[in-house]
Amino acid sequence: MSDHTWGVLSNQAITAAGVVYFLALLCALVEWSAWQSRARAAVAAKELVGAGAPADETAAEPNAADAVREQRAALFGRLSLLLTGIAVVCHFGALVARGMAADPNRVPWGNMYEFTISGSFVVAAAYVVLHRRLKLAWMAPWVLGFTVVVLMLAVVGLYEPVAPLTEALNSYWLVIHVIAAIIATGGFTLGGIAAVAYLLKSRFPDAALLARVPELDALDRVSYRIHAFAFPVWTFGVLISGPIWAHEAWGSYWNWDPKEVWAFITWVVYAGYLHARATAGWKGKKAAIVALIGLATLWFNFIGINYFSSTSQHSYAAPAAPAVVELTEGASR
């Protein structure tokens with residue numbers, strides 16, 4: 001296959017992934033609505049009992065309806081997970097094809113478009129991998145909605161044609177550093193989603209819309225476990241492999257590059273989050289707020305620096321001019 005064919009295949013695969021993610025999101029929303037209907041039925045039954053209706057007369061109908069709702073929710077939940085897995089495979093294929101489209105072949109992390117689709121891939125893949133272990137079924141609409149939006153922004157606003165790596169990026173330290181950064185970014189994003197859910201659940205504990213969200217203790221525990229995993233990975237990527245790569249590329253371990261500075265700020269915030277939980281017993285709302293501050297610094301470093309700074313030495317930080325991905329072979333190529 002030619003480089004151009006690989007490039008077209010990558011574009012088509014990322015489009016297919018986006019479509020399947022969207023279908024998975026629709027299924028997840030149907031599942032979510034079933035849980036919402038169940039919660040509303042339970043509230044209505046309680047109100048009838050409170051109004052003086054016999055408990056045995058109000059229990060039969062909600063229980064029968066609950067069985068139907070549970071079956072529908074389970075069906076669409078399984079379908080959503082299946083479609084998410086298919087989308088993750090397409091997403092991975094798009095990344096592989098993107099790297100194969102370059103001459104010479106390379107890792108698909110040469111610009112912001114490639115880093116964005118790689119980061120969103122890790123978020124979705126981490127959700128699939130941790131789905132059963134951490135009982136993350138409730139997170140489906142959040143993860144899928146995030147992934148669809150990020151892919152859409154990447155394709156519309158960040159797309160760039162395939163090109164060889166610049167001299168500074170042409171290093172095996174690129175692979176080590178960026179893999180660590182992407183994995184940590186995916187983990188922090190999942191942990192941040194759990195933190196957002198915690199704050200919403202604590203603010204609106206009886207909201208039917210949040211019936212699918214676990215109890216507060218479970219949310220707090222999931223958020224902490226994910227952050228505890230992502231932090232050492234980020235530490236390795238930012239404070240170890242990053243400076244080594246910087247020394248190899250620029251002759252200095254630290255250059256006060258805006259992305260270096262903000263990456264360190266992110267590290268400090270998350271270090272404070274874990275330290276406060278371990279020593280001061282910060283849990284719940286306080287911990288969730290600190291986690292979201294860390295997530296804000298992370299994504300500002302990832303996206304915001306590109307628009308507020310023109311001095312970054314990270315060549316992939318420059319935003320691309322808006323472009324539309326070509327899905328078919330253009331006659332002008």
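# Asking how the helices and residues get their labels

Author: The helices H6 and H7 cross with a left-handed sense, in a model that is predicted, where local features need pLDDT of at least 70, side-chain atom pairs need 80 or more, and totals for chains, interfaces and linings use all residues. Residues are numbered from 1 along each chain as its sequence is written, and side-chain values use heavy atoms, without hydrogens or water.

Reader: Which residues of H6 and H7 meet, and how does the contact divide into nonpolar, polar and charged?

Author: Among those in H6 are Asp-220, Tyr-224, His-227, Phe-231 and Trp-234, and among those in H7 are Glu-260, Phe-264, Trp-267, Tyr-270 and Arg-277, contact being heavy atoms within 4.5 Å. The residues of this contact divide into 15 nonpolar, 4 polar and 3 charged; Ala, Val, Leu, Ile, Met, Phe, Trp, Tyr, Cys and Pro count as nonpolar, Asp, Glu, Lys and Arg as charged, and the others, Gly among them, as polar.

Reader: How many helices and strands are there in the chain?

Author: The chain has 8 helices and 0 strands, and read along the sequence it gives the pattern α-α-α-α-α-α-α-α, with helices (H or I, at least four residues) and strands (E, at least two) taken as DSSP runs numbered from the N terminus. Among contacts between residues at least 6 apart in sequence, 82% join residues at least 24 apart.

Reader: What makes H3 and H4 roughly antiparallel?

Author: Helix H3 (residues 112–130) packs with H4 at an angle of about 165 degrees, their axes being 9 Å apart. Angles over 145 degrees count as roughly antiparallel, under 35 as roughly parallel, 65 to 115 as roughly perpendicular and the rest as oblique, and H3 and H4 are therefore roughly antiparallel to each other. Their crossing is left-handed. The contact includes Tyr-113, Ile-117, Val-123 and Tyr-127 of H3, together with Val-143, Phe-146, Val-150 and Leu-158 of H4, and its residues divide into 14 nonpolar, 3 polar and no charged.

Reader: Why is H4 called oblique to H5?

Author: H4 and H5 pack at an angle of about 125 degrees, with axes 11 Å apart, and that makes H4 oblique to H5. H4 passes H5 in a right-handed crossing. Trp-142, Val-143 and Phe-146 in H4 meet residues of H5, including Leu-190, Ile-193 and Val-196, and the contact holds 8 nonpolar residues, 1 polar and no charged.

Reader: Why does Thr-84 count as buried?

Author: Buried means under 20% relative accessible area, exposed over 50%, and partly exposed in between (1.4 Å probe, protein chains only); Thr-84, at 1% relative accessibility, therefore counts as buried. Thr-84 is found in helix H2, and leaving aside neighbours within four places in sequence, Thr-84 is in contact with Tyr-21, Ala-24, Tyr-127, Val-128 and Leu-144. The C-alpha atoms of Thr-84 and Val-128 are separated by 7.5 Å, although these residues are 44 apart along the chain. In the chain as a whole, 47% of the 333 residues count as buried, and within H4 the buried residues include Leu-144, Thr-147 and Val-148.

Reader: Why is Leu-199 called partly exposed?

Author: Leu-199 has a relative accessible area of 21%, so Leu-199 is partly exposed. Leu-199 lies in helix H5 (residues 172–203) and touches Lys-285, Ala-288, Ile-289 and Leu-292, not counting residues up to four places away in sequence.

Reader: What makes Lys-135 exposed?

Author: Lys-135 has a relative accessible area of 67% and is therefore exposed. Lys-135 lies in the loop between H3 and H4, and has a positive phi of about 55 degrees although it is not a glycine.

How values were computed. Axes are lines fitted to C-alpha atoms, for helices over the stretch in contact, and angles run from 0 to 180 degrees between N-to-C directions. A crossing is left-handed if the near helix is turned anticlockwise from the far one by less than a right angle, and right-handed if clockwise.
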